[in-house]
Amino acid sequence: MTPSEHATAAPPALGGPEAAPFEFHAPTRLVVGAGGIARLGTLAAELGARRVLVVSDPGVERAGHTAAGVRALEAAGMVVGRFADFGENPGTGAVEAGTAVAREFRPDLLVGLGGGSSMDCAKGINFLLCCGGRMQEYRGRRTATAALLPAIAVPTTAGTGSETQSFALITDDATGMKMACGDPRAAFRVAILDVALTLTQPSRVTALTGIDALSHAVESHVSRAATPASRVFSRAAFALLARGLPRVFADPTDVAARADVQLGAAWAGLAIENAMLGAAHALANPLTAAHHVVHGQAVGLMLPHVVRFNAAAGAAGYDELVAELPAPVTDARAAVRLAAWLEAILARSGLARSLTALGLAGADIPALAAAAAGQWTAGFNPRPVATGDLSLLYEAAR
Ligand SMILES: [Fe+2]
């Protein structure tokens with residue numbers, strides 16, 4: 001197009017909510033491909049590293065993935081330290097213990113090698129090592145007070161999306177509540193998506209993390225903070241997960257399906273980074289904090305009810321997700337079909353489908369609803385949710 005043509009061309013049509021200003025952040029370089037963990041050492045070297053602390057939980061160590069990462073780092077001349085003294089849902093005490101190890105070792109790069117717990121623990125250590133203080137001080141977004149160390153993620157599960165977003169979910173040991181602690185500088189510089197690493201997940205972990213990733217795609221797509229750019233990733237993540245998860249549940253050794261789910265989870269993480277989540281996560285967090293229901297189980301159980309609740313108030317966007325399902329429906333029944341499909345895949349995953357099945361009773365609901373109303377992520381739900389609404393959603397899930 002010449003300058004004169006440019007001057008006379010009709011301007012693009014603008015208007016409606018899609019014309020609202022927005023930003024989009026994709027802070028992490030993705031290195032995708034089977035066997036990618038062998039590149040960990042050269043990727044660390046590209047970031048100028050010489051001393052690398054690998055944060056990797058004991059289960060991942062037992063699967064042999066940690067040793068593969070350490071071999072790759074040592075082959076590139078790195079001095080490697082290790083921290084593994086933490087479990088599922090790392091707490092403030094575990095992050096403090098990891099920080100003590102890091103202060104002694106003095107790394108110039110961190111690696112989170114494992115599931116969400118390993119990646120989040122590495123992020124938490126980065127905050128305390130570089131900024132000092134306690135983890136509680138970094139709750140919220142843009143909370144780092146100094147530059148953080150560069151970090152690389154090597155996910156071995158496909159679910160949390162921690163590899164592509166800047167929040168660490170750390171449990172406050174004193175209260176049991178999950179704290180989202182985030183800063184753009186806490187995002188991993190590189191994420192290695194090596195599908196071979198996800199093949200060793202126990203089937204329950206595959207189910208829990210896969211359903212969590214699906215909930216990230218759905219909630220971020222309709223979030224109040226969603227933008228035209230974030231929805232591209234929510235929708236693409238949903239398509240990959242909707243295609244991949246049923247195949248992975250049927251055949252855990254299906255590498256192509258595992259790759260779909262791994263990429264879908266990473267893109268859903270990118271969508272969260274830009275659009276946040278919604279009421280299903282607000283409802284899930286108190287179930288985890290007060291009743292120790294695992295996150296993927298809690299959010300998967302609540303999500304279909306939240307979809308119906310939002311759709312009843314005319315929340316837009318579910319039809320675009322349903323269009324990615326086999327035999328899509330694009331009329332007003334789209335959200336109903338989406339909720340039914342989500343319930344079917346929850347059943348197929350083998351997870352519980354009611355609060356009763358998890359041992360909870362109606363008497364537990366008032367306290368749960370009060371706690372859910374205080375969750376940060378509730379404010380991003382497309383339909384406003386008060387405590388009474390949250391009670392009804394828990395009732396619907398009984
Ligand atoms: Fe989640």
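A nonpolar core is here a set of buried Ala, Val, Leu, Ile, Met, Phe, Trp, Tyr and Cys residues that are joined through side-chain atoms within 4.5 Å. In this predicted model, the largest such core has 60 residues, and those with the most contacts inside it are Phe 238, Leu 287, Val 307, Leu 338 and Tyr 394. Apart from it lies another core, of 30 residues, which includes Phe 86, Ala 94, Cys 131 and Leu 148. Beyond its neighbours within four places in sequence, Phe 238 is in contact with Leu 214, Ala 217, Val 218, Leu 321, Glu 324, Leu 325, Leu 338 and Trp 341.

The iron ion is coordinated by Asp 212 (OD), His 216 (NE2), His 281 (NE2) and His 295 (NE2), at 2.1 to 2.2 Å, and the spacing of these donor residues in sequence is D-x3-H-x64-H-x13-H. Because the four donor atoms subtend angles of 84 to 166° around the iron ion, the arrangement is irregular. Asp 212 and His 216 are both buried, and they are separated by about one helical turn because they lie four residues apart in helix α7 (residues 203-222).

The count of salt bridges comes to nine, and three of them are listed below.

| Salt bridge | N to O distance |
|---|---|
| Arg 82 and Glu 61 | 3.0 Å |
| Arg 247 and Asp 260 | 3.2 Å |
| Glu 395 and Arg 398 | 3.2 Å |

Salt bridges that share partners join Arg 243, Arg 247, Asp 254 and Asp 260 into one network.

Methods:
Residues numbered from 1 in each chain as written. Predicted model: local features only at pLDDT ≥ 70, side-chain atom pairs only at ≥ 80, totals over all residues. Heavy atoms only, no water. Donors = N, O, S within 2.8 Å, 3.2 Å for Na, K, Ca; no water. Tetrahedral: all angles 85-135°; square planar, octahedral: opposite > 155°, others 65-115°. Helix = DSSP H or I, 4+ residues; strand = E, 2+ residues; numbered from the N terminus. Buried < 20%, exposed > 50% of the residue type's maximum accessible area, 1.4 Å probe, protein only. Contact = heavy atoms within 4.5 Å. Salt bridge = Lys/Arg side-chain N within 4 Å of Asp/Glu carboxyl O.
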